[in-house]
Amino acid sequence: MAGVTSIEPFLTVTGRPVSTPLKDVRTISRQMVLHFIENVVPCGTLPGEALDGDVTTVTRVCLELTRSMLDGRDIPGRMERVQAAAADWAREGIPIGTIHDAVHEGFKLGFDLIITNVTNHDYDTVVGVTRRLMDAQNMITSAVSVAYLRELRSVNSEHHTAVHTLTSALLGGQSTSTMARECGIEVADRYHVMALELPPHAEEFDPTVDATVVARRKLRRVQAELADRCAGKVLSLLSVDGGTLLLPTHEFSEAELDELIVRLSAAAQVPVRAVAMSAAPAEIPRAAEEVHELVDIVHRLGGPSKVYRPHELAFEYQLTRPGPARDYLSSVVDSLEDHPELLRTLEVYMSTNMQRSRTARTMFIHTNTVDYRLKRIGQLTGFDLNDVSGLCHLRAALLIRTHRGSGSTPIYPRETSPRAG
């Protein structure tokens, strides 16, 4: 017979091939599909054309393949049909567990049919049948898994490319209506435009560990958390250092944004900082530029892990704008450059929310030494730290200095910084 190769001897029961009960593959395949509908959840929810088409066809193909293996024959081309169906089911979103359950149920039914006429004298035959059925099931489930996962990766890659393309278009101010239709992604009326900063993981500084691998694993954990929490509703462009998220405002409340950053911090195992503001699609490029500038300010000033809104950073933002006021304030602490111990004391004093005792403990000095240094700072700068005006001037000067990258200590009070996760 063309295309059929003998691979093992026939197995027989009472003189007939053990595959005889499976001879009417069309009738048995229809019976099996009915069994799947009743017993394999959620097969009953599949559309009729799927059940009458691919599912029944592939069930018949698997029966024919199993019959040939029971008879010691090989029928080429059957496995390609199974793999093609598995790829279609992956694209249609049918769970792979449902497919494996159906295959398992099919083999149980087939086994029951085969052993109907087996007697106590057919032990060797039953062993042979069991082994060949196990081989057939293994071959089919392996083929299904490989084809399904390969197609799933392809689908995910296509979706990722579509998301990347649409997100880039929105951030670039391009027309997105045609692109959205082509990508199959709906463009919302308004988005939370969020700039995200992902600080380095502690292990990225470990010389015995590949920092690139650590950083990529951190990013994958963040992406997995986004996929889990946002269920495909977020548009994102992310790198190991951070990036941009676009979240539809009708899908995510302000409180949910705060919770999201808590979850992302836990997933990344680093204190994630973010700045968010809402914008219509046409306003996204300007909003993205603004929130990224603000998250950079938060980073430089050592702000705690949370979602910031622009109004929370109005003071810091204004201080960092170019102009004579910034230049003047920046020069206020220039007189401390020659006294690094005083400059360090001022930075720690501000970062501990102006608590003398905490400053002393942090610097391992006596509180009297802190008092002496604070007095000297007032004498050298002309601004008394016991005076509200003097305190504001010195704090503003440190904020500008830190933003320029000259400061060594965050200016935000440390006790307000929550632990990541």
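Q: What are we looking at?
A: A predicted model, where local features need pLDDT of at least 70, side-chain atom pairs count only at pLDDT 80 or more, and totals for chains, interfaces and linings use all residues. Residues are numbered from 1 along each chain as its sequence is written, and side-chain values use heavy atoms, with hydrogens and water left out.

Q: How many helices and strands in the protein chain?
A: There are 15 helices and nine strands, taken as DSSP runs numbered from the N terminus (helices H or I, at least four residues; strands E, at least two).

Q: And how much is buried?
A: 43% of the 421 residues, where buried means under 20% relative accessible area with a 1.4 Å probe, protein chains only.

Q: Which residues have the most contacts inside the largest nonpolar core?
A: V82 and I140, in a core of 33 residues. Such a core is a set of buried Ala, Val, Leu, Ile, Met, Phe, Trp, Tyr and Cys residues joined through side-chain atoms within 4.5 Å.

Q: Which helix gives the most to it?
A: α5, with eight residues.

Q: Switching to R273: buried or exposed?
A: R273 is buried, at a relative accessible area of 13%. It lies in strand β8 (residues 273–279).

Q: What does its side chain reach?
A: The R273 side chain reaches the backbone oxygen of G303 at 2.4 Å. R273 also touches A195, E197 and H299, among others, contact meaning heavy atoms within 4.5 Å.

Key:
Buried means under 20% relative accessible area, exposed over 50%, partly exposed in between (1.4 Å probe, protein chains only). A polar contact is a pair of N or O atoms within 3.5 Å; within protein, one must be able to donate a hydrogen and the other to accept it, and residues adjacent in sequence count only if both atoms are side-chain atoms. Lists of a residue's contacts leave out its neighbours within four places in sequence.
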